Amino acid sequence: MKILADIHVHTISSGHAYSTVDEIARFAGSKGMEAVAITDHSAAMPGGAHLFHFANLHILPEYIHGVRIIRGAEVNIMDYDGTIDLEEAMMEKLDLVIASLHPPCIKGADKETITRTLMKVIENPHVDIIGHPGDDRFPMDFDIIAQHAKKHRVLLELNNSSLQPTGTRLGARKHIVKMLESCKKYETPIVVGSDSHYYGSVGDFTEAINLMKELDFPEDLIVNKSQDRLMDFIQRKGDSDES
Ligand SMILES: [Zn+2]
Ligand SMILES: [Zn+2]
């Protein structure tokens with residue numbers, strides 16, 4: 001199983017990640033990857049990137065070391081109304097927006113509250129991906145989320161870091177298994193992300209691929225298998241938002 005676009009990568013601009021765009025692109029190119037999305041944390045994360053970081057992403061070449069650079073952000077969900085910590089006009093300009101629940105920005109809650117919160121985030125026309133669902137602190141009803149995400153053309157992320165033994169998301173695996181089962185049941189497309197904070201893990205989807213094989217998850221539902229498929233999906237969402 002080959003996944004040629006990494007939709008979730010952090011640079012030094014995130015405040016707790018350690019590589020540059022150049023190091024990331026060079027490594028991705030050497031692995032034969034087609035694209036990487038630079039998705040630094042936005043400002044509510046301690047040490048996260050300032051608004052100007054996102055505004056200036058357009059100066060990056062479209063390709064670095066032969067790898068397409070997708071301009072993105074991993075934004076924070078700030079409350080149970082689904083408020084996001086990056087201006088709408090800025091999100092509109094980016095190629096790809098991942099919205100995630102992070103403990104420094106929002107407190108954990110019960111399943112009903114988190115499910116309702118994520119439904120609102122899924123309805124936000126600027127959000128392309130829900131980042132790393134699957135954490136004891138943020139339980140959700142995956143049947144509801146998978147159906148809602150499909151309806152609004154929002155992708156759910158299968159996050160490789162969550163599955164690693166060093167992962168910090170509590171009890172992640174059992175939640176992720178449920179997510180994949182729901183996505184399989186409702187034919188909800190997903191993306192696989194490394195959530196790399198150091199260039200050496202860019203494009204590392206080992207744990208995610210092993211789990212998908214274990215669960216016999218349909219490859220057809222993985223949108224970032226190629227750059228073309230990924231860009232087509234997120235651009236179409238942008239087009240449908242405008243109408
Ligand atoms: Zn991070
Ligand atoms: Zn995150």
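Tyr 199 is partly exposed, because its relative accessible area is 28%, where buried means under 20%, exposed over 50% and partly exposed in between, with a 1.4 Å probe and protein chains only. This is a predicted model, in which local features need pLDDT of at least 70 and side-chain atom pairs count only at pLDDT 80 or more, while totals for chains, interfaces and linings use all residues. Residues are numbered from 1 along each chain as its sequence is written, chains are lettered from A and ligands numbered from 1 in the order in which they are written, and side-chain values use heavy atoms, without hydrogens and water.

The structure holds two aromatic pairs, a term for rings of Phe, Tyr and Trp (its six-membered ring) with centres within 6.5 Å, called stacked if the planes are under 30 degrees apart, edge-to-face if over 60 and tilted otherwise. Phe 27 and Tyr 199 are edge-to-face, because their planes stand at 70°, with the ring centres 5.5 Å apart. This pair links distant parts of the chain, 172 residues apart, since Phe 27 lies in helix α1 (residues 21–30) and Tyr 199 in the loop between β8 (190–193) and α8 (206–214). The rings of Tyr 198 and Tyr 199 are tilted, because their planes meet at 45°, and their centres are 4.8 Å apart. Phe 27, Tyr 198 and Tyr 199 form one aromatic cluster.

| Residue | Relative accessible area | Class |
|---|---|---|
| Phe 27 | 23% | partly exposed |
| Tyr 198 | 45% | partly exposed |
| Tyr 199 | 28% | partly exposed |

Definitions and conventions:
Helix = DSSP H or I, 4+ residues; strand = E, 2+ residues; numbered from the N terminus.
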